[in-house]
Amino acid sequence: MKIDASKPLEYATEENSNKIFGFWVFLGAEIPLFATLFTVYLVMVDRFASGPSGKEIFEIGPVLIETFLLLSSSFTIGLAIHAMRHGYKKAMMVFMGITLLMGLAFIGIEITEFFTYVHEGATLQTSGFLSSLFVLLGTHGAHVSFGFLWGSVIMYQIWRQGINPATANKAFIFSLFWHFLDVVWIFIFSFVYLKGLM
């Protein structure tokens, strides 16, 4: 394995570069998934049947906290990658840990939000609007949950092995995934919650 010292550590080998390119291709494939879920939601957004509308169930407070958590976690994962590139293992671990804790808090708020909806009689079976809402939010939440587990495994590997081309590559790819989830959330915040509250 030939290491190119002129490149950032995550790109230092040809295999690493290929993995990063492959992950960009994977993220490109995720775009149609979320585009489809958004399209279904936008088609169903006015189909309430006998159930509540978004304006009746959405609460801006928890959504703003979720938005703050995810956008802040995007910043902290960027700091983790910056620390990694400078070889600061402890700082990298701290920033990755903060990122994952914010992701976990986001998941907790979203689960609480789902329980609140169900308690108010807004379930997956109530209307087309609610079924598309639950599937869109649930798919994003499942991605964040997977990201939490994935990031935890990478942190463990960095703790055990240190910062090397393999762990740097994994951490960088994870950061791309996390940033992607933040971009998707901006669309959810704008086109689901803000539009729904208007």
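**Entry 1: overall fold.** I read along the sequence and found that the protein chain follows the pattern α-α-α-α-α-α. That is six helices and zero strands. I took helices (H or I, at least four residues) and strands (E, at least two) as DSSP runs, numbered from the N terminus. The model is predicted, so local features need pLDDT of at least 70 and side-chain atom pairs count only at pLDDT 80 or more, while totals for chains, interfaces and linings use all residues. Residues are numbered from 1 along each chain as its sequence is written, and side-chain values use heavy atoms, with hydrogens and water left out. Along its principal axes, the C-alpha trace of the protein chain spans about 65 × 30 × 25 Å.

**Entry 2: H1 and H6.** Next I looked up how H1 and H6 pack. Their angle is about 15°, and their axes are 11 Å apart. Axes here are lines fitted to C-alpha atoms, for helices over the stretch in contact, and angles run from 0 to 180 degrees between N-to-C directions. H1 and H6 are therefore roughly parallel to each other. The cut-offs are under 35 degrees for roughly parallel, over 145 for roughly antiparallel, 65 to 115 for roughly perpendicular and the rest oblique. The contact of H1 with H6 has 20 nonpolar, two polar and two charged residues. Ala, Val, Leu, Ile, Met, Phe, Trp, Tyr, Cys and Pro count as nonpolar, Asp, Glu, Lys and Arg as charged, and the others, Gly among them, as polar.

**Entry 3: H4 and H5.** Helix H4 (residues 89–119) packs with H5 at an angle of about 155°, with the axes 10 Å apart. H4 and H5 are therefore roughly antiparallel to each other. I sorted their contact by class and got 19 nonpolar, nine polar and two charged residues.

**Entry 4: aromatic rings.** I found 21 aromatic pairs in the structure. Rings of Phe, Tyr and Trp (its six-membered ring) pair if their centres lie within 6.5 Å; planes under 30 degrees apart count as stacked, over 60 as edge-to-face and the rest as tilted. I picked Phe48 and Phe129: their ring centres are 5.7 Å apart and their planes stand at 85°, so the pair is edge-to-face. This pair links distant parts of the chain, 81 residues apart. Phe48 sits in the loop between H1 and helix H2 (54–57), and Phe129 in helix H5 (residues 128–161).
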